[in-house]
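Please look at the sequence and the structure before reading on.

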Amino acid sequence: MKTRRRPYIEQRPQDLGGGVWSVPVPIPGNPLGYTLVYAVESPAGPVLVDAGWNHPEAWEALSGGLAALGMDVASVHGVVVTHFHPDHAGLAGQVREASGAWIAMHEDDAALVRLMIEYAGDAHDAFQSDMLRRAGADPGEAREAMGGRPAPPAPPDRELRDGDLVDLPGRRLRAVHTPGHTPGHICLHLEDADRLFTGDHVLPGITPHVGIYPYDRDDIDPLGDFLQSLDRVAGFGPLDALPAHEWTFPDVAARAAEIRDHHEEKLQRLRALLAERPEPLTIWEVAAMMTWNRPWDELSPMLRGMAAGEAAAHLRALEVQGHVRRHAGVEPVRFQALDS
């Protein structure tokens, strides 16, 4: 079932068998290239898993791809969104307008969508600037690292919880809550075919972004949640995986174990780095010490901001495990290794 990774220009809609199809939908200007939107057959009309980025080129690809597979976007029964990010939820509203389809997502991500809609642009900029300052970015870096804010996705009509069955007549598509990449990320188990739509939770060649926002929160542990979610997915065994990016692949359990090992090694490396530096460090300083796909000096300001989010998530996981101490009540917040 595994297919070779190809650039978007070489991607085509595919019949994956068993009443499941994939449509590659471009993400303009993003190195990920495209989102794989899946259509699942039902007597009431197809249900989409994710919808793609809100952009005219993406809409043309989605509607045209469905048409090439013999489906009209106006016949879509529903859109179940694996998580609220714009490359997954962006076009859901337009699909609903064209077809009358419902939109469903996990209740935790639905709450974030409502917050995004309520949060004005100026308030968002102030929030982001303050978050970067508290992480230790100097004012110049903070200004450069403030990325643009995409339009919030359409609010869902239906909210899902772990274990809920999606409205897919004649079939069984069950929500599996897998927090980490977002609080409300879900995978979807197509029980009548024993396949797993993995969203961004388990990807074949890369690992998803797991960060904390604001960086200095001490009431959540996204990386810990993510690792537990990987264990849960591994419990499904060697199912075929249908991810939202890259390519389909067999044995989701083996890949989930690989991703878990990657993060465990990353935590061990970070713990060793902190042990070598007895003085407390800011989140920004820790992020600059860590290994990324490019040297820190070559990362764009926006990517540095995302790296800081990942550094914060790893620091928080080490804090929960009792390996680092947070210096509370100081700005910027700082972390220090504890004796083993």
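Predicted model: local features only at pLDDT ≥ 70, side-chain atom pairs only at ≥ 80, totals over all residues.

Is tryptophan 284 buried or exposed? Tryptophan 284 is buried, with a relative accessible area of 6%.

**Aromatic pairs**

- A pair of aromatic rings is described by the distance of the centres and the angle of the planes.
- The count of aromatic pairs in this structure is three.
- One of them joins tryptophan 284 and tryptophan 296, with 5.6 Å from centre to centre and 85° between the planes.
- This pair is edge-to-face, because planes over 60 degrees apart are put in that class.
- Tryptophan 284 belongs to helix H9 (residues 283–289), while tryptophan 296 sits in the loop between H9 and helix H10 (301–320), so the pair ties together parts that are twelve residues apart in sequence.
- Tryptophan 296 has a relative accessibility of 12% and counts as buried, because the cut-off for buried is under 20%.

**Cavities**

- Rolling a probe the size of a water molecule over the atoms shows where empty space is left.
- Two cavities of 30 Å³ or more turn up in a search of the whole structure.
- The second largest cavity holds about 30 Å³ of space.
- Its lining consists of Leu36, Tyr38, Val49, Asp50, Phe197, Gly199, Leu242, Pro243 and Ala244.
- Strand E3 (34–40), strand E10 (195–199) and strand E11 (240–243) are the elements that each give two or more residues to this lining.
- Sorted by class, the lining of the second largest cavity has seven nonpolar residues, one polar and one charged.

Conventions: Residues numbered from 1 in each chain as written. Heavy atoms only, no water. 1 Å grid on protein atoms, 1.4 Å probe; cavity = no way out; pocket = protein on both sides within 12 Å on 5 of 7 lines; lining within 4 Å. Points joined across faces, edges and corners; volume = space filled by probe spheres on them. Helix = DSSP H or I, 4+ residues; strand = E, 2+ residues; numbered from the N terminus. Nonpolar A, V, L, I, M, F, W, Y, C, P; charged D, E, K, R; others polar. Phe/Tyr/Trp six-rings, centres within 6.5 Å; stacked < 30°, edge-to-face > 60°. Buried < 20%, exposed > 50% of the residue type's maximum accessible area, 1.4 Å probe, protein only.
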